[in-house]
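Good morning. I will talk about the cavities in one protein and then about its sheet. Please look at the screen.

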Amino acid sequence: MVEGREPDRGEPATDRQGLHSEAEMEENPHESPDRGSENLLSGLERVREAARRNSPERFTALLHHVTVDLLREAYHKLNPRAAPGVDEMTWKEYGQGLEVRLVDLHGRVHSGRYRAKPSKRIYLPKPDGKQRPIGIAAMEDKIVQQAVGWVLEQVYEEDFIGFSYGFRPGRSAHQALDAIWVAILQRKVNWIVDADVRSFFDHLDHGWMEKFLGHRIGDRRVRRLIQKWLRAGVSEEGEWSKTAVGTPQGAVISPLLANIYLHYVLDLWVQRWRKQEAKGEVIIVRYADDFVLGFQNREDAERFLKALEARMKQFGLEVHSEKTRLIEFGRFAMANRERREEGKPVTFDFLGFTHICAATRNGRFTVKRRSIAKRLRRKVQEVSVKLREIRHAPLPEQGNWLRQVIRGYFNYHAVPGNRKALDAFRTLLARAWFRSLRTRSQKARHLTWDRMQVLISRWLPTPCILHPYPNQRLCVHHPR
């Protein structure tokens, strides 16, 4: 254990006399991998207990937790319908002779003979018209990454700070939304910094990543596995290219690595900055590389933005100047802007919702949330294209598919105050379905809107609010 050192210097902490942690001493690394799932989970829980008891300690023996049982659990955790990587191996194909394959994979991982394959690069359209690069890992890489990720989570879940919500077990985007809503209403928030890191996953620095891992992970075999994944490169249209920076979006291990990187680059730094530098209150909510901060004083917010730009640059990242904004937002924003004749307060977007300064019927300040209009329209366009493709399918098949789409949308967006957006989404899809059905044949052109209402009422769910108010749910998760 090293005391009095700043973790962002990239210097790994030393072991306590070079010994294993207590959790590692309790479990036999040569124990048979054919254990029950309860023993498997309890073994990982002992890692977490050790991390909880000895927070500065490095774990020098972790790989033995990656057993055949854990690899099997990792395989079954993967999405069976996911696209194959460069090995062209599907989930179902790998499952043929699964036990033999897993025993062989386990042996290669522990002997050092395992080799990571390059990620298969594809591109998905972004809202701004650009293309987002996605890396699809090979099947065995997905399995090992999932298993190693579970082991590492036991360590880092004891380190991560409470305002980090993205891709963490037991946490969700709605909890992050609850946190920012409650913080704005109950804390002294007058200014919002809506921050954006330019292409974070593409610019993650491998050198800093390895140094950050060294603070807690002393097992060189685990760190070599991560190095192999980072340096495996990408394959695009059959051509391999080296990756000196970045981690593929879409890789199983990437969200955890991103959280570890930002834990040291951003979270610990923000926690220290608001205690030592800020003159007023500062709140932050982070979901992966998307984060929002609230400030009591404008001077603090302006100084923070300058410091943030320098901080990100130090670790190979860049603040997106066009997407990062400082806006007046909070309980006094409406009155202040009205007095200055500047119109309504500016809104900000976070995790699919536009956040708006508003007032309740009693005149109290509140934050209303609406589904981001551009994303709603884009979703409607995507569904409309699919409806035209399946317009000749039987009506029950179309109706059932469309019902699932709408339910999926409602499950996320049905928050208090968002009823109008839900109604709009359902109405727009009903009209899109109507138009697609009228193109089935010449006879179908006689379909009227009145007759269409029968199909709509039968197949399309009626909007209803499914989520509680943020303060109610937050009190359940955090009784204090």
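I start with the second largest cavity, where α6 gives the most to the lining, with three residues. Helices (H or I, at least four residues) and strands (E, at least two) are DSSP runs, numbered from the N terminus. A cavity here is a set of points on a 1 Å grid over the protein atoms alone where a 1.4 Å probe fits but cannot get out, and lining residues have an atom within 4 Å of a point.

This is a predicted model: local features need pLDDT of at least 70, side-chain atom pairs count only at pLDDT 80 or more, and totals for chains, interfaces and linings use all residues. Residues are numbered from 1 along each chain as its sequence is written, and side-chain values use heavy atoms, with hydrogens and water left out.

Which residues line the second largest cavity? They are Leu-62, Leu-63, Val-66, Val-148, Val-151, Leu-152 and Val-222.

The largest cavity is lined by 15 residues, and Ser-119, Gln-145, Trp-229, Pro-248 and Ala-251 lie nearest its centre. Two or more lining residues come from each of α6 (139-156), α10 (220-231) and α11 (254-276).

Now the sheet. Four strands form an open sheet with mixed pairing, in the order β2-β1-β4-β5; two strands pair if DSSP finds at least two bridges between them. Because β2 (131-136) and β5 (239-241) stand at the edges with a single partner strand each, one side of each is left without a neighbour in the sheet. Strand β4 (residues 234-236) runs antiparallel to β5, and three bridges join them. Glu-236 has Glu-239 in β5 as its bridge partner.

Technical notes
1 Å grid on protein atoms, 1.4 Å probe; cavity = no way out; pocket = protein on both sides within 12 Å on 5 of 7 lines; lining within 4 Å.
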